Amino acid sequence: MDLGARLAGRHVLITGASSGLGAHFARLCARHGARVSVAARRRERLAALVGELEAAGAAGATALDLDVTDAHSVADCFDALPAPLDVLVNNAGISGPGAAIDLPVETFDAIMATNLRGPWLMATHAACAWRDAGRGGTIVGIASIVAERVAGGVAPYCISKAGVKQMTAALALEWARFGIRVNALAPGYIETEINAGFFDTPAGEALVKRIPMRRLGRPEDLDAPFLLLATDAAPWMTGALVPVDGGHLVSGL
Ligand code: NAD
């Protein structure tokens, strides 16, 4: 089955696409003939990405201003979408390292606003538009393996990603009747801006040794699972959290 071919002509909106996995998903979707809308706060980076995608022959690429923590910004982003949407990728996310006992509550609030409330706002906007247009749609969340097991020093991040897991299940349950499927990837560790520098530290090196496959993920390790969730290749699949982690979740206790 050619998963990528199923994206041709589809319109995919990716949040937090100015770097890391979001930019990678945008390149992947464009390569397979999707029209891509990339949305984030760093407009210059998005413009550069759109230029790159167009130069590579993308079917259509649009940069949109978006702060997922701001309900007005989310509404404006949907108003500015160039065409009916087929797939929403709720990718934007932040972390905030620090011991829970001393962590400012503002850090907790910021992580929840970005990782949990933001995807909620995006998902509900997309679902309303799909329901009102009488068409279905697909939502792909980007959770994390810390939705299932915790890591030290990133408590709010773990809590927010566990929330993404339950949001995926709860929205899948409510929206199946509208033809809207909601699934999420749970990636293991992949070096991007969110964890820059960590894997050069002794703690980071020790972490990699605990991954059964003994290596960090690469963005392309997510490609096939992403395409499975983003396309109609698995039309009876909804409410699922799909770990892609080199076996990290099944590492020995
Ligand atoms: P990243 O920092 O490169 O990407 C996160 C993106 O989200 C950035 O472009 C950032 O600008 C954007 N963003 C942050 N706040 C935003 C806001 N308020 N509005 C709009 N955009 C905002 O890191 P990444 O690794 O590419 O992370 C992408 C997603 O993958 C995140 O949800 C992250 O939690 C998740 N994830 C990453 C890993 C990993 O190891 N890299 C593992 C599991 C899950």
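The ligand first. In this predicted model, 29 residues surround the ligand. The closest are S19, L21, N91, Y157 and T192. By residue class, the shell around the ligand splits into twelve nonpolar, twelve polar and five charged residues.

Now the polar atoms at the ligand. From the side chain of S18, a polar atom sits 2.9 Å from a ligand oxygen. The backbone contributes too: a polar backbone atom of N91 is 2.8 Å from an oxygen atom of the ligand, and for a polar backbone atom of G93 the distance to a ligand oxygen is 3.5 Å. How much of the ligand's accessible area does the protein cover? On its own the ligand has 810 Å², and the protein covers 96% of that. Two elements give two or more residues each to the shell: helix 1, residues 20-31, and helix 5, residues 155-175.

Next, S37. This residue belongs to strand 2, which runs over residues 35-40. Is S37 buried or exposed? Its relative accessible area is 1%, and the cut-off for buried is under 20%, so S37 counts as buried. The side chain of S37 has a polar contact with the side chain of H11, at 2.8 Å.

Last, the surface. Which residues form a nonpolar patch there? They are V105, F108 and I159, and together they have about 260 Å² of accessible area. Of these, V105 is in helix 4, which spans residues 105-133.

To recap the ligand site: the protein covers 96% of the ligand's accessible area, with polar atoms of S18, N91 and G93 at the distances I gave.

Definitions and conventions
Residues are numbered from 1 along each chain as its sequence is written. This is a predicted model: local features need pLDDT of at least 70, side-chain atom pairs count only at pLDDT 80 or more; totals for chains, interfaces and linings use all residues. Side-chain values use heavy atoms; hydrogens and water are left out. Patches are made of residues with over 30% relative accessible area and no salt bridge: like charges are joined within 9 Å, nonpolar side chains (Val, Leu, Ile, Met, Phe, Trp, Tyr) within 5 Å. Accessible areas come from the Shrake-Rupley method with a 1.4 Å probe; for residues, only the protein chains shown count as cover. A salt bridge is a side-chain nitrogen of Lys or Arg within 4 Å of a carboxyl oxygen of Asp or Glu. Helices (H or I, at least four residues) and strands (E, at least two) are DSSP runs, numbered from the N terminus. A residue is near a molecule or strand if one of its heavy atoms lies within 4 Å of it. A polar contact is a pair of N or O atoms within 3.5 Å; within protein, one must be able to donate a hydrogen and the other to accept it, and residues adjacent in sequence count only if both atoms are side-chain atoms. Ala, Val, Leu, Ile, Met, Phe, Trp, Tyr, Cys and Pro count as nonpolar, Asp, Glu, Lys and Arg as charged, and the others, Gly among them, as polar. Buried means under 20% relative accessible area, exposed over 50%, partly exposed in between (1.4 Å probe, protein chains only).
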